[in-house]
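Please look through the sequence and the structure shown here before reading on. The briefing that follows is arranged by topic.

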Amino acid sequence: MGFFTLLILGLLGALIYFGVKGRIVRLREEFAEALRRAQGKRPENLPSESMTQCKTCGTYIATGQQKNCGKQGCPYT
Ligand SMILES: [Zn+2]
């Protein structure tokens, strides 16, 4: 085996190593995201009845905490 062959083999090994590593990291992120999706988003976490939507900008703000969003025509000051 010549030096060039060893170099190619080394490069291939590095490519495979980092490819597998990246895939594992992505899988782990997807798993964490799925866990978050399964645990969160319960109705009691969204007090929608105490939220008011700004008619102009469409942002939901807790009732009594409305403030101007900076958009033109926003009813809150
Ligand atoms: Zn607004």
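**The zinc site**

The zinc ion is coordinated at 2.4 Å by Cys 54 (SG), Cys 57 (SG), Cys 69 (SG) and Cys 74 (SG). Donors here are N, O and S atoms within 2.8 Å of the metal (3.2 Å for Na, K and Ca); water is not among the atoms, so sites may look incomplete. This is a predicted model, in which local features need pLDDT of at least 70 and side-chain atom pairs count only at pLDDT 80 or more, while totals for chains, interfaces and linings use all residues. Residues are numbered from 1 along each chain as its sequence is written, and side-chain values use heavy atoms, with hydrogens and water left out.

- Along the chain, the donors of the zinc ion follow the spacing C-x2-C-x11-C-x4-C.
- Cys 54 and Cys 74 link distant parts of the chain, 20 residues apart: Cys 54 lies in the loop between β1 (51-53) and β2 (60-62), and Cys 74 in the segment after β2.
- The four donor atoms subtend angles of 81 to 172 degrees around the zinc ion, so the arrangement is square planar.

**Burial of the cysteines**

- Cys 54 is buried, with a relative accessible area of 1%, and Cys 74 is buried as well, at 10%.
- Buried means under 20% relative accessible area, exposed over 50%, and partly exposed in between (1.4 Å probe, protein chains only).
- The structure holds zero disulfides, a disulfide being a pair of cysteine sulfur atoms within 2.5 Å.

**The aromatic pair**

- The structure holds one aromatic pair; the rings of Tyr 17 and Phe 18 have their centres 5.2 Å apart and their planes at 75 degrees, so the pair is edge-to-face.
- Rings of Phe, Tyr and Trp (its six-membered ring) pair if their centres lie within 6.5 Å; planes under 30 degrees apart count as stacked, over 60 as edge-to-face and the rest as tilted.
- Tyr 17 is partly exposed, with a relative accessible area of 49%, whereas Phe 18 is exposed, at 53%.

**The protein as a whole**

- The protein has one helix and two strands, in the pattern α-β-β along the sequence.
- Helices (H or I, at least four residues) and strands (E, at least two) are DSSP runs, numbered from the N terminus.
- Of the 77 residues of the protein, 6% count as buried.

Notes. Tetrahedral: all angles 85-135°; square planar, octahedral: opposite > 155°, others 65-115°.
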